[in-house]
Amino acid sequence: MLRKENILLIDDDIDILELLQRHLQSMDYHTYKAVSVKEALYILKDAHIDLLITDIQMPEVDGLELLKFAEEHYPEMPKLVITGYPSVSGALEVIKAGATDYLTKPFTKEELRKAVLKAFEQSSQRKYSKNKSNNPLAGLNAEMVGESDAFGKVTDIIERVKDNKATVLIKGESGTGKEMVARAIHYSGKFSRAPFIAVNCGAIPENLQEAEFFGYIKGAFTGANENRKGFFQAAQGGTLFLDEIGTASLAVQSKLLRALQEKEVTKVGARKTEKVDIRVIAATNVNLLEEIKNKGFREDLYYRLTVVEIDVPPLRERMADIPILVEKFVKKYGIEYKDRLLRITPEVFDILKRYPWPGNVRELENVIQRAIIMGDGTIEVKDLPDKLKFQIDFPDTHLVSLDEMVKDYVQKVLIHTKGNKTKAADILQIDRKTLRDKLK
């Protein structure tokens, strides 16, 4: 599990920012990133920050002004300065402005670790209570379940961001539950009474994206017969979830960036802007950094969206959660389809734990749903799809012929049925004559 401390990093050098983040995350700290003082102020306003680490030399507003602001408004928060231009007078100036320590570039990971620990030791107040609930999703009626360490890291970040409006990027394969994570952030926090607007960017034609996101006025284009709000206005006060953000057109990406920076939007055909107060959560199942290299995604928008990042692990990396997920789905669909709770045989669980689940949690849910429909009181091996029933594990170094593989599986089924050939043929979905031929 991550520690409770949140660290805000400010540097206009993206490489330094990424290096700091990697080092601190490897120490189990949670990080927010900003490439300017202006962006840092937004984060300080919206998020709980326990330590500020800032560069001094930055364009427009420098880090010294940020230190003075933070010292005035967040006097209990420790502040650490990093710079590539050290001097005695500079050190005295930043200490006077409220910095607890002064770190000179280049620095080692160990030097950074010691400086961070020293900063926290000098802090008289922590932003988080030690008595927080171990289950930040308790109010979600088990919409999200899991006990694995990988799942625990996700819920820990949800707990951190649920009560602020910092932008979040959720990354993960299809079927891992990215929208569920977004809903957990919204509905477990203090903005839960406000709207949650979920948008699949990939489902909106490119020529309609701007109108859908920002709205339009009557007469703006053919078919615009009335004034209409966009998704940004509809989510006012709450959360706008942008799924498949990588599919948004470059033109709309530019307008999304402006909306996030200025917190205002302009309807298609309108001249006046409208202020919006929302939290934006985006999600993607593609590598946006690769899309940036291929000129398919704006780099500045990427860094605007990644103030907080959540990596949702694939199911194969959280296999310990399969029993509790299966229990959830059995309760859900058992009552829906059979009006009762059902039992699952141990053999079924063994198969579920061996399968790699390329479709992740969504695929597991579909398998259990199908098995409940096909089953009769008890979910057995025969109720599973063939791709699960006929998976056989063997080392790559001991490959066997197809005949040997079939022989091995038939023997396993017979052992399972205690020699009952009728049951074995039913599981294998062959007639008894074919089974007799194979046994010969």
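Arg432 is partly exposed, with a relative accessible area of 40%. Because the model is predicted, local features need a pLDDT of at least 70 and side-chain atom pairs count only at pLDDT 80 or more, while totals for chains, interfaces and linings use all residues. Residues are numbered from 1 along each chain as its sequence is written, and side-chain values use heavy atoms, with hydrogens and water left out.

Reader: In which helix is the place of Arg432?
Author: Arg432 counts as partly exposed at 40%, a class lying between buried (under 20% relative accessible area) and exposed (over 50%), with a 1.4 Å probe and protein chains only. Helices are DSSP runs of H or I with at least four residues, strands are runs of E with at least two, and both are numbered from the N terminus. The run that holds Arg432 covers residues 432-439, and its name is helix H19.

Reader: Which residues gather in the patch of positive charge on the surface?
Author: A patch is made of residues with over 30% relative accessible area and no salt bridge, like charges being joined within 9 Å and nonpolar side chains (Val, Leu, Ile, Met, Phe, Trp, Tyr) within 5 Å. Lys and Arg count as positive and Asp and Glu as negative, with His and the chain ends not counted, and the place of a charge is NZ of Lys, CZ of Arg, CG of Asp or CD of Glu. The residues that gather in this positive patch are Lys421, Arg432, Arg436 and Lys440.

Reader: Which residues form the negative surface patch?
Author: One of its members, Asp426, is placed in helix H18, residues 421-428, and is partly exposed with a relative accessible area of 44%. The complete patch is formed by Glu347, Asp350, Glu380 and Asp426.

Reader: What is the area of the nonpolar surface patch made by Tyr337, Ile373 and Met374?
Author: Tyr337 has its place in helix H13, residues 322-338, and is partly exposed with a relative accessible area of 35%. Accessible areas come from the Shrake-Rupley method with a 1.4 Å probe, and for residues only the protein chains shown count as cover. The patch that Tyr337 makes with Ile373 and Met374 has an area of about 290 Å².

Reader: How many salt bridges does the structure hold?
Author: Side chains of opposite charge can pair when their charged atoms come close. A salt bridge is counted when a side-chain nitrogen of Lys or Arg lies within 4 Å of a carboxyl oxygen of Asp or Glu. Some are linked, as in the network of Glu18, Lys33, Lys171, Glu309 and Asp311. The number that the structure holds is 23.

Reader: About how far along the helix are Arg160 and Asp156 separated?
Author: The side chains of Arg160 and Asp156 meet in a salt bridge, 2.6 Å from N to O, and both residues are buried. Because they are 4 residues apart in helix H6 (residues 149-161), their separation is about one helical turn.

Reader: How many residues apart in sequence are the parts that Glu210 and Lys255 tie together?
Author: Glu210 forms a salt bridge with Lys255, the closest N and O atoms being 3.6 Å apart. Glu210 lies in helix H8 (residues 209-214) and Lys255 in helix H10 (residues 250-262), so the pair joins parts whose separation in sequence is 45 residues.

Reader: What arc do the buried residues of helix H3 cover around the axis?
Author: In helix H3, residues 63-73, the buried residues are Gly63, Leu64, Leu66, Leu67 and Ala70. The arc is that of the directions from the helix axis to the C-beta atoms. These residues lie on the same side of H3 because they cover an arc of only 155 degrees.

Reader: What distance separates the C-alpha atoms of Arg279 and Thr239?
Author: Arg279 has its place in strand E11, residues 279-284, and counts as buried at 0% relative accessibility. Although Arg279 and Thr239 are 40 residues apart along the chain, the distance between their C-alpha atoms is 4.7 Å.
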